[in-house]
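Please keep the sequence and the structure in view while reading.

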Amino acid sequence: MDGLLLNTEDMYTQCNNVILREHNRPDLPWNIKAQLQGRPGPEAGEIFHAWAQLPISRTEYQRRITELQRQHFPSAQPLPGVPELLKTLSESGVHLALATSSHTANYHLKTSRLDTLFNHFPDDQKVLGDDTRIPPGKGKPAPDIYLLALETINSRLRKQGKKEIKREECLVFEDSVPGVEAGRRAGMRVVWCPHPQLLKEYSGREKEVLAGLANGGKDELVKEVMHEAA
């Protein structure tokens, strides 16, 4: 969702840079930013704090970042082409599900004024980062969130007496590298829609990203493929 459907990925960077500057730290570089994208908050937080080395407690950081996000997130806007794409897919009868690492509180902050956009996703086909059906530690780049999103669609189809959708019939749209890996490990096809700076960061490694291997996930991807084959 962030950086794919909405302009909120840049807002995350802006909020973090405010805090970094308040403590005389450099702005967040893209080689670190790339590791944060798509991951659940706790995992991304560990990576960020290990790099930032802020002279404040995690509690104080969380208070400040929450304050900044509450200021910025309500002004979130769709990225170019997103409303038209979702409208076209919805009207064409394509089954849509949302799989985002954003937790419920932040999701509502970002989408509260965008009902028309997010109504294309049925409520029971929205999977958020704090969904209790996702085991702890199984956020992106693990495949669980996409497999759950597919199950929400298939659950509806079963109730309607219709044929279920297979993993390999799914198309994932992702902006983050961990998210691409999650989609590939789920056995799905993936369209990578990176931020221009992320694309620059991975220049020359595009095939590696699309294979789900750029995040160091080669062994995990092989395990998923072997499990599927079995």
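A residue is called buried when its relative accessible area is under 20%, exposed when this is over 50%, and partly exposed in between, with a 1.4 Å probe and protein chains only. The model is a predicted one, in which local features need pLDDT of at least 70 and side-chain atom pairs count only at pLDDT 80 or more, while totals for chains, interfaces and linings use all residues. Residues are numbered from 1 along each chain as its sequence is written, and side-chain values use heavy atoms, with hydrogens and water left out.

Side chains of opposite charge can pair when their charged atoms come close. A salt bridge is counted where a side-chain nitrogen of Lys or Arg lies within 4 Å of a carboxyl oxygen of Asp or Glu; the model holds 17 of them.

Lysine 33 is buried because its relative accessibility is 4%, and glutamate 9 is buried at 8%.

Within helix α4 (residues 58–72), glutamate 67 and arginine 64 are three residues apart, about one turn of the helix. Their salt bridge has an N to O distance of 2.3 Å. Arginine 64 is buried at 16% relative accessibility, whereas glutamate 67, at 32%, is partly exposed. Both belong to a network of salt bridges that links Glu22, Glu60, Arg63, Arg64 and Glu67.

Terms used. Helix = DSSP H or I, 4+ residues; strand = E, 2+ residues; numbered from the N terminus.
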